[in-house]
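I opened this notebook to keep track of what I looked up. The entries follow the order in which I went through the structure.

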There are 2 protein chains.
Amino acid sequence: MTNILKLTLACYTRLVGTQRAPGLAKAKRTLKWQRDPEGMRLRILEAAKQEFSAHGLAGARVDRIAAKAGANKRMLYYHVGNKDELYLAVLEGAYDKIRSEERGLDLEHLDPPEAIRRLIEFTWNYFLRNPEFLSLLQTENLARAKHLKKSTKVKSMHSPFVEMIRTVVRRGVDSGDFQVAVDPVQLYISIAALSFFYLSNSATLSVIFGRDLLDKKAKEERLAHMVGLVLAALTGQSAALFEIAKTPKSRAAVVQAV
Amino acid sequence: MTNILKLTLACYTRLVGTQRAPGLAKAKRTLKWQRDPEGMRLRILEAAKQEFSAHGLAGARVDRIAAKAGANKRMLYYHVGNKDELYLAVLEGAYDKIRSEERGLDLEHLDPPEAIRRLIEFTWNYFLRNPEFLSLLQTENLARAKHLKKSTKVKSMHSPFVEMIRTVVRRGVDSGDFQVAVDPVQLYISIAALSFFYLSNSATLSVIFGRDLLDKKAKEERLAHMVGLVLAALTGQSAALFEIAKTPKSRAAVVQAV
DNA sequence: GGAGAAATTAACCCGTTGGATAAATACTGT
DNA sequence: ACAGTATTTATCCAACGGGTTAATTTCTCC
């Protein structure tokens with residue numbers, strides 16, 4: 001079929017040095033390939049991430065991963081393992097990455113409402129920048145977390161956000177900024193939910209609503225809405241808080257005449 | 001492999017009348033099978049719904065669908081079509097069902113806060129009662145709504161909720177119950193998001209948090225949290241509204257000391 | 001009661017796919 | 001320079017899986 005053709009075209013072409021040690025008088029013969037175990041492993045995992053997020057676990061094709069990685073299929077098994085192990089490695093990498101970025105977020109020195117805003121913005125932007133993460137989570141949940149349960153590594157990678165939220169909420173209640181001491185786990189899930197669902201389901205929602213939920217304006221409106229909703233709930237200053245949406249444009253969209 | 005065995009075991013056994021027209025003097029020979037085109041079609045679609053929601057599009061197996069339906073594989077193609085057409089039929093059926101139930105929800109005669117609460121409770125309970133719907137949406141979104149885009153049927157099935165919300169919000173602002181005239185599409189998406197994400201991602205979240213998010217208590221807390229969050233945002237009565245959570249138990253959980 | 005259509009069964013086809021085996025090539029230390 | 005090991009390529013294959021073909025059985029209408 002045309003499959004072989006596609007694979008060849010999509011194939012990452014590894015450039016191999018044509019001459020080795022060009023300084024030598026006797027020109028060495030052309031190398032057919034080079035060793036690069038670390039690079040190979042990284043390229044395999046990156047290709048696998050793309051493949052699994054684009055097609056899910058069952059839909060992913062081992063041959064395509066190999067082709068995208070510019071490798072021979074045998075290399076996947078040599079460097080990582082079989083399809084399932086490859087998938088789990090990708091999943092663990094994805095969690096590792098987000099946890100690491102989460103830890104970089106410093107909310108301590110911000111006043112509570114601003115801290116919550118930052119939290120929402122980070123979540124939103126991270127999901128926007130890493131759509132494969134959303135897909136991988138969806139895939140894993142369709143599998144009822146069968147693979148994740150086997151990963152002691154992921155189980156030990158706790159998100160720092162729950163504790164961050166707990167602290168911020170406590171501070172907010174103390175300072176009088178917040179009216180209610182919400183459960184940090186619930187709030188964490190809700191903040192994730194507002195962004196996650198919008199983005200992960202944007203394809204079907206766009207069809208249903210007959211408009212593109214991912215264009216610039218729509219995304220601005222969404223972010224403003226989410227920030228307004230959560231902060232209004234916490235502070236009780238609904239009208240005022242929906243107003244502080246960053247841009248006049250998005251503010252107008254959120255606080256529109258109904 | 002053991003596959004054949006599994007299929008046989010899982011197979012829906014269609015009971016066939018052993019005797020036809022038992023009143024006749026001459027006992028007719030035993031029927032090997034009976035005709036039942038409508039029933040067959042329904043059983044096929046039901047089996048397909050289970051299979052697609054359990055395994056996704058690529059992971060679904062045509063043979064398993066046939067076995068579950070108590071049918072021959074050939075029947076799928078005879079009554080519905082190939083795998084893709086089968087999948088689309090299931091998807092359309094799922095949308096048809098939720099739209100129909102949505103239309104049954106009457107919010108006109110309720111005061112605005114109560115109407116919003118009902119809306120959230122309906123969404124939450126519908127997702128709880130129809131987990132396959134969540135899975136199907138996830139699957140379709142992983143496919144970037146490729147199939148849904150081809151369905152004129154679904155495109156024309158608008159949810160009545162957006163207009164319901166628009167009316168309710170308008171009434172709420174007029175009556176002074178609500179402080180802010182939120183975009184009904186955004187609110188619709190947010191309400192769906194809060195339930196959808198929690199349930200569709202409960203598997204991975206349960207692993208991450210190390211506890212079962214689907215047990216009775218957790219579900220009560222979640223519902224109370226969602227209602228509190230949305231109503232607090234709309235009314236600005238944060239503390240008061242988080243308090244009106246139905247049960248004392250769940251209320252205590254939501255408005256807990258941090 | 002029987003002919004023709006509708007519904008169902010049974011068996012087969014063939015490209016795909018995950019995985020395995022074996023051979024070749026590139027490095028590394030001595 | 002060369003032996004030994006690590007890395008990569010080149011083939012192969014048995015099972016699977018969607019889809020098809022052809023034969024069988026039931027039902028309906030005259």
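Entry 1, the second largest pocket. I looked up the residue classes first: the lining of the second largest pocket divides into ten nonpolar, eight polar and five charged residues. The model is a predicted one. I noted a volume of about 540 Å³ for this pocket. Its lining consists of 23 residues, and those nearest the centre are A:Arg144, B:Pro131, B:Leu199, B:Ser202 and B:Leu214. H7(B) gives the most, with five residues.

Helix H7 (residues 131-142) and helix H10 (residues 184-200) of chain B pack at an angle of about 90°, and their axes are 10 Å apart. H7(B) is therefore roughly perpendicular to H10(B). On the H7(B) side I found B:Leu134, B:Leu137 and B:Gln138, which meet B:Phe196, B:Leu199 and B:Ser200 in H10(B). I sorted the residues of this contact into four nonpolar, two polar and no charged.

I read off about 1400 Å³ of space for the largest pocket. I counted 44 lining residues, with A:Ala54, A:His55, A:Gly56, A:Thr139 and B:Leu142 nearest the centre. From chain A, the elements that give two or more residues to the lining are H2 (37-59), H5 (83-103), H6 (112-129), H7 (131-142), H10 (184-200) and H11 (202-209). From chain B they are H2 (37-59) and H7. By class I recorded 17 nonpolar, 16 polar and eleven charged residues in this lining.

How far apart are the axes of H12(A) and H12(B)? I found 7 Å, at a packing angle of about 90°, for helix H12 (residues 216-235) of chain A and helix H12 (residues 216-235) of chain B. The two helices are therefore roughly perpendicular to each other. A:Leu229, A:Ala232 and A:Ala233 make the contact with B:Leu229, B:Ala232 and B:Ala233. I listed six nonpolar residues here, no polar and no charged.

The unreviewed UniProt entry carries the annotation "DNA-binding region" for residues 61-80 of chain A. I checked the model over residues 61-80 of chain A and found 70% helix and 0% strand. The end C-alpha atoms of that stretch are 15 Å apart.

Terms used:
Residues numbered from 1 in each chain as written. Chains lettered and ligands numbered in written order. Predicted model: local features only at pLDDT ≥ 70, side-chain atom pairs only at ≥ 80, totals over all residues. Heavy atoms only, no water. Axes fitted to C-alpha atoms, helices over the stretch in contact; angles between N-to-C directions. Helix = DSSP H or I, 4+ residues; strand = E, 2+ residues; numbered from the N terminus. Parallel < 35°, antiparallel > 145°, perpendicular 65-115°, else oblique. Contact = heavy atoms within 4.5 Å. Nonpolar A, V, L, I, M, F, W, Y, C, P; charged D, E, K, R; others polar. 1 Å grid on protein atoms, 1.4 Å probe; cavity = no way out; pocket = protein on both sides within 12 Å on 5 of 7 lines; lining within 4 Å. Points joined across faces, edges and corners; volume = space filled by probe spheres on them. UniProt positions renumbered as here; feature names shortened; annotations may be inferred.
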